[in-house]
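Thank you all for coming; I would like to take a few minutes to walk through one structure with you, moving from strand pairing to ring contacts.

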Amino acid sequence: MKLRMLQLCLVWLCILPTAQAQKMPFPQYNGEKFALLDAQTFKPLTPYKYESIGTFKDGLALSTSRSEAGKLQYSFLNPQGKEVIAPTPNRMYEFSEGKARIKNGDRFGYIDTQGKAILPASYVKAQDYREGRFVVKDADLRVMIIDEKGNLLQRFDSDINYIRDYREGLILAGVHENEEMGDAVDEPYNRITGEFNFYDKQGKKVIDLKKINEKINYASDFKNGVAIVGFFNRAYEPENPTVYGLIDHKGTLILPMIYNFVEFDKAGYIKLQTYSQSTYQNFYGLADNKGKILMRCEYTMIFDPIGEYRLFQKKVENPNEMEQFPDRYGIARLNGDILIEANHKDIYLHRSGDFMTLDSLVTIDKTDYQQTTNLYSYHTAAGKTIHRSQEMRVYNNYFEILEGDNVSDGHEHRVGDVPFEYADKLALLNLEKHELHTKLVDDIAPFRTIVKGDKVAIREGKNWLYLDENFERTSQTYEGASNFGENEYATVKKGGKWAVINKMGVEVTPYAFDSIVPNVTRIKFNKASNEFSAMYGADLLYEVLRSSFLPSGNFVAQKNKMWGIINWDGQVILPFQYEQIQDAFYNYVIISKAGKLGIVDFAGKELVPAKYSNIKVVNDLAYVRENGKEGLLDLQNNVVVPAEYDTIFEPNQNFIKVVKGKKIGYLTYQGKEVLPAVYDAVNLYNPQYQLFITVVKDGKMGVVNSEFKPLLPCEYDSVFAETYQKYIWVKKNGLQGLLDDKGKVVVPIQYQYIDNLEKDNYSNNPRILLAQLKNKWGILDTIGKPIIPFEYDYMKLDYSRQRVVIGKKNKFGMMRSDGKIVIPIKYDELGTVEYQNHLMGIKKKGKWGFINSAGKEVIPATFDDAKAFAQTSNEQNNLLYFAIVKKGKYWGIINEAGKAVVPFAFDQIDYIPYNTLQPIQVTRNGVSESINFKGEPYTGE
């Protein structure tokens with residue numbers, strides 16, 4: 001089965017639809033570090049300095065490297081290998097819909113693809129941005145939904161601790177048995193135990209799953225109008241089996257909860273699974289998103305679809321086989337209609353419905369050695385055999401048949417998407433006519449995926465020509481040619497000049513142009529040959545010109561070394577009087593004259609004079625650079641912001657960030673100054689949402705309000721203030737205090753340390769504060785009045801933030817926030833608690849034991865060392881807890897009753913595995929080995 005899945009993966013990789021993914025750079029490891037390599041030349045685009053390089057998402061790849069001090073730092077690379085978001089020690093995550101999470105310390109925020117902050121790093125948890133929504137947890141662990149403008153839509157009750165991403169406008173939220181959110185909770189083994197609902201984009205509850213079936217403790221995200229729901233029984237109790245079904249957007253159960261497993265396939269259909277108690281085997285079926293059964297649960301496997309078809313596997317009676325009921329392969333449509341019965345040993349399915357079968361040939365060589373080779377047969381969907389070969393590979397619209405050795409240049413070639421070169425003979429098989437084209441093709445012009453009716457520009461020798469819709473060669477040849485764009489025109493070259501032709505091959509412009517830019521999304525310009533062609537991915541040898549926003553049928557062209565714009569019949573739209581056309585949009589064109597940039601309309605009327613070194617248009621405002629300074633103009637050449645700033649950033653929430661002499665300020669969209677450019681840093685992400693905006697000036701911090709009026713002067717070492725807090729935390733001259741939202745002192749700035757101990761239920765505002773004064777610890781209320789006197793040598797919050805580890809004279813205990821001692825101050829040391837209300841390690845007279853949450857010693861202090869209790873599960877999926885402890889020189893493992901389950905015989909025990917069926921890694925007498933939970937050698941049984 002593993003081999004079978006590998007074969008299917010290889011076939012699928014061969015037919016991936018976009019050439020762009022193929023042409024993107026890829027990471028290469030040299031044994032020590034990673035670099036980014038060009039997909040065509042295989043030359044490094046970056047030095048070999050990265051710890052990791054991820055895949056490109058939203059045009060950027062997440063990378064990690066080490067600073068000079070050896071610390072891990074994160075950055076983003078563009079396809080040219082440039083670090084467009086500079087290295088930072090703050091943890092960054094991959095982009096989703098143009099936004100990425102970033103973690104600063106223990107807080108999350110969001111940035112855009114320019115690295116600019118969208119939401120500040122002030123959230124305890126955060127998920128990927130999806131469907132125009134941010135899902136975060138504030139410092140009070142309250143789940144919030146925020147729209148793309150930063151407006152708060154919903155702040156859930158405090159017991160809601162679990163939420164997933166938006167899918168189809170709905171999001172799942174509820175009470176989960178662990179208090180995680182996002183990455184780690186989308187698994188069926190993580191149970192939701194309490195309230196469990198779907199909410200719409202405004203945060204309104206629309207589906208209550210407990211009303212559908214009170215046993216439901218799992219739900220998937222919505223896909224194609226349905227979601228999987230079910231009951232997962234961790235204990236495998238016969239009376240409560242694990243079952244799954246389907247609901248629709250209205251919360252109606254359209255497929256009953258009777259299946260052992262339910263999952264979506266790649267085409268959006270639903271794969272069903274049942275389990276046979278008699279044969280101990282899983283059987284699979286198929287349903288649609290209306291709950292209709294398409295294939296009964298009688299197949300040993302139903303594979304994910306390829307194109308419009310899918311493979312399936314079924315046991316078939318065959319007395320000639322050693323196995324009476326061997327598995328055989330067949331082909332069905334997406335909806336389950338069977339086309340080819342399950343009677344093939346193996347099948348490679350192509351998206352057209354054609355397929356290849358694989359037969360084994362046994363030959364005897366001169367040494368009488370029995371050798372098995374493969375013979376592939378290509379068939380139509382109707383079962384007609386077209387070709388047989390010892391080697392065959394599947395491409396997007398072709399089967400490619402190689403008559404020689406494999407090409408080993410490392411490329412993933414795809415005929416029809418990118419130019420290709422092969423050292424061996426190549427045949428293209430037209431899947432419409434099932435005819436072989438055996439002549440070697442020297443080049444194919446880049447273009448989108450071939451579909452029926454497309455013409456294809458190819459080169460044979462020095463001549464370019466077209467394959468027509470039947471993949472037959474046209475008689476007309478050219479010196480150069482592009483493929484046809486969506487406007488059904490192409491550019492061709494004869495006698496050193498270019499023209500535009502239609503799909504009939506008729507010239508609609510004369511051969512009068514030095515160059516014509518194909519009307520595609522991106523093109524590349526070869527300076528040496530003065531020619532353009534389509535560009536995919538990264539290419540450092542070419543300049544990039546955007547022309548995708550031109551009106552349909554218009555082309556950027558060059559004549560007598562000057563550039564202009566023509567339409568499909570050669571009429572001049574924009575005169576040939578410009579050195580360069582940088583960008584062409586629907587209503588304006590950025591042009592170059594005498595080495596300077598300006599803006600004209602399509603009639604050539606000047607909108608912005610050509611006197612700037614750089615121009616960028618955003619939201620109908622022209623960002624211009626002149627004499628090293630930047631300003632803003634509208635498209636009627638009216639000055640919005642004078643060219644007096646070093647940098648002007650793109651608008652954010654109707655405000656524009658400006659930099660003058662390395663100092664930061666903010667303007668309105670109309671150019672009015674709201675914050676002078678005097679600050680070193682400004683934490684602004686959305687004034688409509690922010691109550692406080694922290695600013696930095698000359699190394700000191702201050703605060704302005706949402707109206708940009710000063711609230712606190714820049715005289716503090718640090719300031720922490722965010723929305724929903726009515727208090728501002730400040731530090732001055734090394735001491736901490738608390739101010740209210742008007743800047744008035746409520747807790748004097750005299751404490752060495754202040755931290756939240758308890759917060760109210762509706763905001764991030766503390767009610768009780770843990771504080772240090774003159775090296776002694778105590779507890780205050782939020783007006784600075786001591787509740788617990790400053791008489792302790794040590795205080796530290798435990799994981800719940802409701803209890804405090806306390807210490808006097810090198811002895812330790814624990815108290816509640818109301819001052820009640822729950823563990824007396826008599827222990828040499830207190831350990832940690834990994835799971836709520838579980839056992840805590842205590843050290844007394846040099847020995848370790850364990851106490852429960854009530855402070856009772858349940859495991860005597862007899863161990864020389866101890867680690868915290870860890871959670872695992874047994875074969876029945878019941879939760880168990882074990883601790884690694886030490887007696888004398890050796891380590892062992894005990895259970896919650898203190899009984900040794902693994903004897904004290906090991907120099908080292910690494911960790912408790914997630915399941916008792918997994919091995920425990922130990923070291924004995926300097927040698928590493930694996931043991932089971934009885935301390936015996938691990939055999940895998």
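Let me start with strand β20, residues 226–231, and strand β21, residues 243–248, which run antiparallel and are joined by six bridges; please keep in mind throughout that this is a predicted model.

Now to the rings, of which a search of the whole structure finds 20 aromatic pairs. In one of these, the centres of the Tyr-218 and Tyr-244 rings are 5.8 Å apart and their planes stand at 90°, so the pair is edge-to-face. Tyr-218 sits in strand β19 and Tyr-244 in strand β21, 26 residues apart, and the pair thus links distant parts of the chain.

Elsewhere, ring pairs link Tyr-110, Tyr-129 and Phe-134 into a cluster. There are also charges placed over rings: Lys-215 lies over the face of Phe-231, at 5.6 Å from the ring centre, and the charged end of Lys-867 sits over the ring of Trp-891, 5.4 Å from its centre.

Let me turn to another set of strands. Strand β64, residues 681–682, pairs in the antiparallel sense with strand β65, residues 692–697, over two bridges, and there Val-682 has Val-695 as its bridge partner. β65 is in turn joined to strand β66, residues 700–705, by six bridges, again antiparallel, with Ile-693 partnered by Val-704 in β66. These two strands, β65 and β66, form a hairpin with two residues between them, and Asp-698 in the turn has a positive phi of about 55°.

A loop also deserves a word, namely the one between β54 (596–600) and β55 (606–612), where Gly-604 lies. Leaving aside neighbours within four places in sequence, Gly-604 is in contact with Leu-574 and Tyr-578.

Finally, how many disulfides does the structure hold? The number is zero. As for individual cysteines, Cys-297 is partly exposed, with a relative accessible area of 24%, and Cys-714 is likewise partly exposed, at 25%.

Notes
Residues numbered from 1 in each chain as written. Predicted model: local features only at pLDDT ≥ 70, side-chain atom pairs only at ≥ 80, totals over all residues. Heavy atoms only, no water. Disulfide = S-S within 2.5 Å. Buried < 20%, exposed > 50% of the residue type's maximum accessible area, 1.4 Å probe, protein only. Pairing = 2+ DSSP bridges. Helix = DSSP H or I, 4+ residues; strand = E, 2+ residues; numbered from the N terminus. Contact = heavy atoms within 4.5 Å. Phe/Tyr/Trp six-rings, centres within 6.5 Å; stacked < 30°, edge-to-face > 60°. Lys NZ or Arg CZ within 6 Å of the ring centre and 35° of its normal.
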